Amino acid sequence: MRTAQTGPLPQADLDALAGLWPATLAALHAWRIDAGAQGAWLLLWLDQALEQAVERRFAEQPARGFLEHALAVHCVMAAAASLEPGLAGHGCSPVPPPHPAITAAVHELGLSWPEQDTLCRRYALLTSTPFAGGCEGCALAGQCPRLRSPGPA
């Protein structure tokens, strides 16, 4: 849960999240988009039903909703780091610039990738594979809060 910066959690919260892990993992999808010499990309996402469940929990119990949100983010990022180890050391997943192969694959999978370079799923990740470096190749670098905010003093 390091990605969400939750800090240490009470045992009761850990137990509740552990109970949600099987359903969260079952909602995870992973896909490799391959365009040969033009590149390859890793696409991960969680089902919309899981997003809606987290939204309902936020409305009912905001603190618990945040923990479930953190679990969903952790699931996607852990899967990405497992499939593409270079991401683990970088701490984020650089978004590739638009490419017709990505657009076609995303649509075939029943998803969409609007002009804003973001997928239609809240818990999703699209990045180059193999890992192609960090921020310099990211289509979102100009709007990245990580790059625009000052580091720790």
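In what sense do strand 1 and strand 2 pair, and over how many bridges? In this predicted model, strand 1 and strand 2 pair in the antiparallel sense, and the pairing runs over 7 bridges.

- The open sheet is formed by 3 strands in the order 1-2-3, with antiparallel pairing, and its edge strands are strand 1 (28-34) and strand 3 (124-128), each of which pairs on one side only.
- Neighbouring strands of this sheet are turned against each other by 15 degrees on average, when direction is ignored.
- Between strand 1 and strand 2, Ile33 has Trp41 of strand 2 as its bridge partner, and in the hairpin of these two strands, which has 5 residues between them, Gly36 takes a positive phi near 60 degrees.
- Strand 2 (residues 40-46) also pairs with strand 3 in the antiparallel sense, here over 5 bridges, and Leu42 has Thr127 of strand 3 as its bridge partner.

**Burial of strand 2**

- Strand 2 is mostly covered, with 7 of its 7 residues buried.
- In a regular strand the side chains alternate between the two faces of the sheet.

- Helix 3 lies across strand 1, strand 2 and strand 3, and runs at about 155 degrees to strand 2.

**Helix 1 against helix 3**

- Helix 1 (residues 11-26) packs with helix 3 (residues 62-83) at an angle of about 50 degrees, their axes being 10 Å apart, which makes helix 1 oblique to helix 3.
- The crossing of helix 1 and helix 3 is right-handed.
- On the helix 1 side, Asp13, Ala16, Leu17, Leu20, Trp21, Thr24 and Leu25 take part in the contact, and they meet Arg64, Leu67, Glu68, Leu71, Ala72, His74 and Cys75 in helix 3.
- The residues of this contact between helix 1 and helix 3 divide into 9 nonpolar, 2 polar and 3 charged.

**Helix 2 against helix 3**

- The axes of helix 2 (residues 48-60) and helix 3 come within 6 Å and cross at roughly 155 degrees; because angles over 145 degrees count as roughly antiparallel, helix 2 is described as roughly antiparallel to helix 3.
- The crossing of helix 2 and helix 3 is left-handed.
- Leu50, Ala53, Val54, Arg57, Phe58 and Glu60 of helix 2 meet Pro62, Arg64, Gly65, Phe66, Glu68, His69 and Ala72 of helix 3, and the residues of this contact divide into 7 nonpolar, 2 polar and 4 charged.

- Leu111 lies in the loop between helix 5 (100-108) and strand 3, and because its relative accessibility is 8%, which is under the 20% cut-off, Leu111 counts as buried.
- The C-alpha atoms of Leu111 and Arg121, which are 10 residues apart along the chain, are separated by 7.8 Å.

How values were computed
Residues are numbered from 1 along each chain as its sequence is written. This is a predicted model: local features need pLDDT of at least 70, side-chain atom pairs count only at pLDDT 80 or more; totals for chains, interfaces and linings use all residues. Side-chain values use heavy atoms; hydrogens and water are left out. Axes are lines fitted to C-alpha atoms, for helices over the stretch in contact, and angles run from 0 to 180 degrees between N-to-C directions. Helices (H or I, at least four residues) and strands (E, at least two) are DSSP runs, numbered from the N terminus. Angles under 35 degrees count as roughly parallel, over 145 as roughly antiparallel, 65 to 115 as roughly perpendicular and the rest as oblique. A crossing is left-handed if the near helix is turned anticlockwise from the far one by less than a right angle, and right-handed if clockwise. Contact means heavy atoms within 4.5 Å. Ala, Val, Leu, Ile, Met, Phe, Trp, Tyr, Cys and Pro count as nonpolar, Asp, Glu, Lys and Arg as charged, and the others, Gly among them, as polar. Two strands pair if DSSP finds at least two bridges between them. Buried means under 20% relative accessible area, exposed over 50%, partly exposed in between (1.4 Å probe, protein chains only).
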